[in-house]
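Take a walk through a protein model. Keep the sequence and the 3D view side by side, and look for each part as it comes up.

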Amino acid sequence: MSRYVEPGGSWRPFWLAAGVFGLLVAGELLLPGQRVPALLFTLAGCGLGGVLGHTLMARRAWTLRVDAEGADAGLTVGRERVPLADVDAGHLHAVSAGRAGVDAGAPVLGGGSSVPRGRAGLPLRLTDGRTVLVPTRDPAALTTALLDAVPEDGTTGRKGTLGS
């Protein structure tokens, strides 16, 4: 089974915030002297919840998947999906060789007005002529995964969830 996955967000900020919160609790329980105000615990807990919410949102909105097998083979970014049969393999070869690029004003797959920070936009032309940008941290690995998975003819007539 050929499957490529790029997580949309990292758990590192959450675990960093959880570690700070844990140190605050450990300091309160183990150190003698003046107690930490309850407001500080409340603020730290709310901050930890905010970081958790942001991490979960990023993972849901920007996780990239290439599922190459089965009837529902496709490229998924967040909630948007493009069937692999709708990807123009010739344009993908041209992009990997540096002979093609992206159309001005191409939408970002997965939504948003621009490619998220820390990612590059891989131009992907669909068989209907539209071009989208796929936000990826590793364009070379994604290009390889797509070229391995995309059928060369690219014509099945199946529709994805990308708006027209």
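Start with confidence. The protein chain averages a pLDDT of 83, and 90% of the residues score at least 70. pLDDT is the predictor's confidence in each residue, from 0 to 100. This is a predicted model, so local features need pLDDT of at least 70 and side-chain atom pairs count only at pLDDT 80 or more, while totals for chains, interfaces and linings use all residues. Residues are numbered from 1 along each chain as its sequence is written, and side-chain values use heavy atoms, with hydrogens and water left out.

One stretch calls for care. Over residues 154–161, pLDDT stays under 50. The model has 20 contacts beyond four places in sequence for this stretch. Contact means heavy atoms within 4.5 Å. Where pLDDT is low, the predicted coordinates should not be read in detail.

Now turn to the sheet. Helices (H or I, at least four residues) and strands (E, at least two) are DSSP runs, numbered from the N terminus. Four strands form an open sheet, in the order β1-β2-β3-β4. Their pairing is antiparallel. β1 and β4 (80–83) stand at the edges with a single partner strand each, so one side of each has no neighbour in the sheet. From one strand to the next, the twist averages 10 degrees. Axes are lines fitted to C-alpha atoms, for helices over the stretch in contact, and angles run from 0 to 180 degrees between N-to-C directions. Two strands pair if DSSP finds at least two bridges between them. Strands of a sheet pair through backbone hydrogen bonds, either parallel or antiparallel.

Look at β1 and β2. They pair in the antiparallel sense over four bridges. Tyr-4 has Val-66 in β2 as its bridge partner. Glu-6 stands opposite Leu-64 in β2. Which residues of β1 lie on its covered face? They are Tyr-4 and Glu-6, while Arg-3 and Val-5 lie on the uncovered face. In a regular strand the side chains alternate between the two faces of the sheet.

Move on to β3 and β4. They too pair in the antiparallel sense, over four bridges. Gly-74 stands opposite Pro-83 in β4. The two strands form a hairpin with two residues between them. In the turn, Gly-78 has a positive phi of about 65 degrees. Thr-76 sits in strand β3 (residues 74–77). Is Thr-76 buried or exposed? Its relative accessibility is 16%, so Thr-76 counts as buried. Buried means under 20% relative accessible area, exposed over 50%, and partly exposed in between (1.4 Å probe, protein chains only). Leaving aside neighbours within four places in sequence, Thr-76 is in contact with Thr-63, Leu-64, Arg-65 and Arg-81.

Next comes a helix against the sheet. α4 lies across β1 and β2, and runs at about 25 degrees to β2. In helix α4 (residues 139–149), the buried residues are Leu-142, Thr-143, Ala-145, Leu-146 and Ala-149. Why are they on the same side of α4? They cover an arc of only 165 degrees around the axis, which puts them there. The arc is that of the directions from the helix axis to the C-beta atoms. On the other side of α4, Ala-140 and Asp-148 are exposed. The buried residues of α4 pack against β1 (3–6), β2 (64–67), α3 (89–97), β5 (120–125) and β6 (131–136).

Finally, find the rings. A search of the whole structure finds three aromatic pairs. Trp-11 and Phe-14 have ring centres 5.9 Å apart and planes at 75 degrees, so the pair is edge-to-face. Rings of Phe, Tyr and Trp (its six-membered ring) pair if their centres lie within 6.5 Å; planes under 30 degrees apart count as stacked, over 60 as edge-to-face and the rest as tilted. Trp-11 is partly exposed, at a relative accessible area of 31%. Phe-14 is buried, at 14%. Phe-21 and Phe-41 also form an edge-to-face pair, 6.5 Å centre to centre with 90 degrees between the planes. This pair links distant parts of the chain: Phe-21 is in helix α1 (residues 12–30) and Phe-41 in helix α2 (residues 38–62), 20 residues apart. Ring pairs also link Trp-11, Phe-14 and Trp-15 into a cluster.
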